Amino acid sequence: MIIRRNFEEQLSELQEDLIRLGRFVQEAHGKAMDALVRQDLALAKQVIVDDDFADDITFGIMARTTQLLALQQPMARDLRFVAASLKIVTDLERIGDHASDIGKVTRSLAGQSYAKPPVDLPQLSSMACKMVGDALHSFVQHDIKLAVQVARDDDAVDDLCEEIQREMMDVMRSDSSRVEQATRLLLAARALERVADHATNIAEQVYYVETGELRPLAREEHNHALFASLGLEESDWKTHQRRSTDNGQNSP
Amino acid sequence: MNTSSISNLADKAMPEPSTRKAEAPSARNSTPQFNVAMAAAGEQNATPVIVEAEKVDLFYGTKQALKSVSIPFHQNTISALIGPSGCGKSTFLRCLNRMNDLIEGCRTEGEVTLSGENIYAKSVDTVMLRQRVGMVFQKPNPFPMAIWDNIAYGPRLRGIKNKAVLGEIVEESLRGAALWDEVKDDLKKSALGLSGGQQQRLCIARALATKPEVLLMDEPCSALDPISTLKIEELMRELRSAYTIVIVTHNMQQAARVSDTTAFFLLGELIERGASAKMFTDPSDKRTEDYITGRFG
């Protein structure tokens, strides 16, 4: 028997709002990368302007969360859920900011031809966005394994980001006229690396909601042990990683 | 314990700074998990046990109201007993100073010790016991007499007749109950003229006058307004340094605010007991979770 129907409804509305914001920032990243690759200035500008909408949803969620705390005094799992929501909304909002950052990179490179067509950046973007999608999926589905996997996937993002950095530095060394362009693209790579970090933060919050334990999933050595304890094989996550890099756009 | 000092939050609940420092270098290599419960669990071990209930069964006639309840209460801590009406929490509280003896047909089995001595032993004088284990009730119940006489009542019963000594006890007790400043000029006035919150603090002062070791509080704030409630809660936190407090409350937020440990009762059974920080963020038992999140039923 559900006693606190009103409260339950408010909790699920809060979750829906978070998912809505999550979808929005994921789409923003899809558009931002599309604009960067095709050098579509209008689309890049739209991404930058639309970020205001993400901010509005964020404030709405924060107000709702504070209200829930004040009026319903949640306890135990509910309390963890509401506390985690406050953290998750901030991570999502930052992820949105990074889409806008990439839009600004595109804007600053208007009219310049690329040294070579960007391939790694779209790849990095889809990997990071998949992590965001998976993190939100684990949130909705109470899926701890998926949350842990998200944190694991962060390594691949870091590796690719590293690779892009090396490549950009090579470009700078070989052609000084490309320094500005390479620097801007480096910033885009950095923004995407941060997106993956925020996805990992969300995964950690999901883990907290589900287990009551605040655990730094991002630290690899711990993640490794945890991964094994959840009955996941090393090969599982490699397959998963491959899938995540092969895939294009993802949504929860 | 593999608790690392990941968060400053942990500091408050950690047992001792010295142990924490010793653990810190290795923490990096051990499994880093911050669990409020594990951290807070250390706190209740810091002081010795003063009252201990061991497998207490209680029957009202043939009806069993408590089923093998065992709880140790540590010195200078506040323990909250929570649970739905009829779960046995007040009955259990009253076991701790044998108030149930006054109920006809009530039979208690098992053992309750106060500083190691069984309070249910035949040799125990219950009047003396209740001086050592004082009680404050749901509704303020001052005696219909002057404020001064209310407080002096217990000590007089103990044979103290010297007015100066009694006066000292009265002042000390009223100060202890954070009431002195409000009533010091009206000590000869009737206690019944005080507000509800003041009356309840008077009752606490009256309990303190017999110099108890343990204070039992049976929903001490349920008849009070929010401000008086906060005053009593603040007072409890102050009294904690000198007394051990056990409180029964229906108000979960109150239990969370004031207590160090919380015990959850259901149908006469102790379901779960632990550090309040753990109980209200991450209880172990599904029934506790359902009750404190309001999904009970």
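Predicted model: local features only at pLDDT ≥ 70, side-chain atom pairs only at ≥ 80, totals over all residues.
Guide: Residues are numbered from 1 along each chain, chains are lettered from A in the order in which they are written, and side-chain values use heavy atoms, without hydrogens and water.

Visitor: How do you know which elements chain A has?

Guide: Helices are DSSP runs of H or I with at least four residues and strands are runs of E with at least two, numbered from the N terminus; by that rule chain A has 8 helices and 0 strands, giving the pattern α-α-α-α-α-α-α-α along the sequence.

Visitor: What makes a residue of chain A count as buried, and what percentage of them are?

Guide: Buried means under 20% relative accessible area, exposed over 50% and partly exposed in between, with a 1.4 Å probe and protein chains only; buried residues make up 51% of the 252 in chain A.

Visitor: Why is a set of residues called a nonpolar core?

Guide: The name applies because its members are buried Ala, Val, Leu, Ile, Met, Phe, Trp, Tyr and Cys residues joined through side-chain atoms within 4.5 Å. The largest such core holds 64 residues, and among those touching the most other members are Leu21(A), Leu92(A) and Leu124(A). Its largest share, 14 residues, comes from α6(A).

Visitor: With what is Leu21(A) in contact, beyond its neighbours within four places in sequence?

Guide: Taking contact as heavy atoms within 4.5 Å, Leu21(A) has partners that include Ala54(A), Ile57(A), Val89(A) and Leu92(A).

Visitor: How do you know what span to expect of helix α10 in chain B?

Guide: The expected span is 1.5 Å times one less than the number of residues; α10(B), residues 226-239, has 14 residues and reaches 20 Å from its first C-alpha to its last, close to the 20 Å expected.

Visitor: What makes one side of α10(B) the buried one?

Guide: Its buried residues, including Ile232(B), Leu235(B), Met236(B) and Leu239(B), cover an arc of only 160° around the axis, which puts them on the same side of α10(B), the arc being that of the directions from the helix axis to the C-beta atoms. The face turned away from that side carries the exposed residues Pro226(B) and Ile227(B).

Visitor: Which residue caps the N-terminal end of α10(B)?

Guide: Asp225(B) does, with a side-chain oxygen 3.0 Å from the backbone nitrogen of Ile227(B); a polar contact is a pair of N or O atoms within 3.5 Å, in which, within protein, one must be able to donate a hydrogen and the other to accept it, and residues adjacent in sequence count only if both atoms are side-chain atoms.
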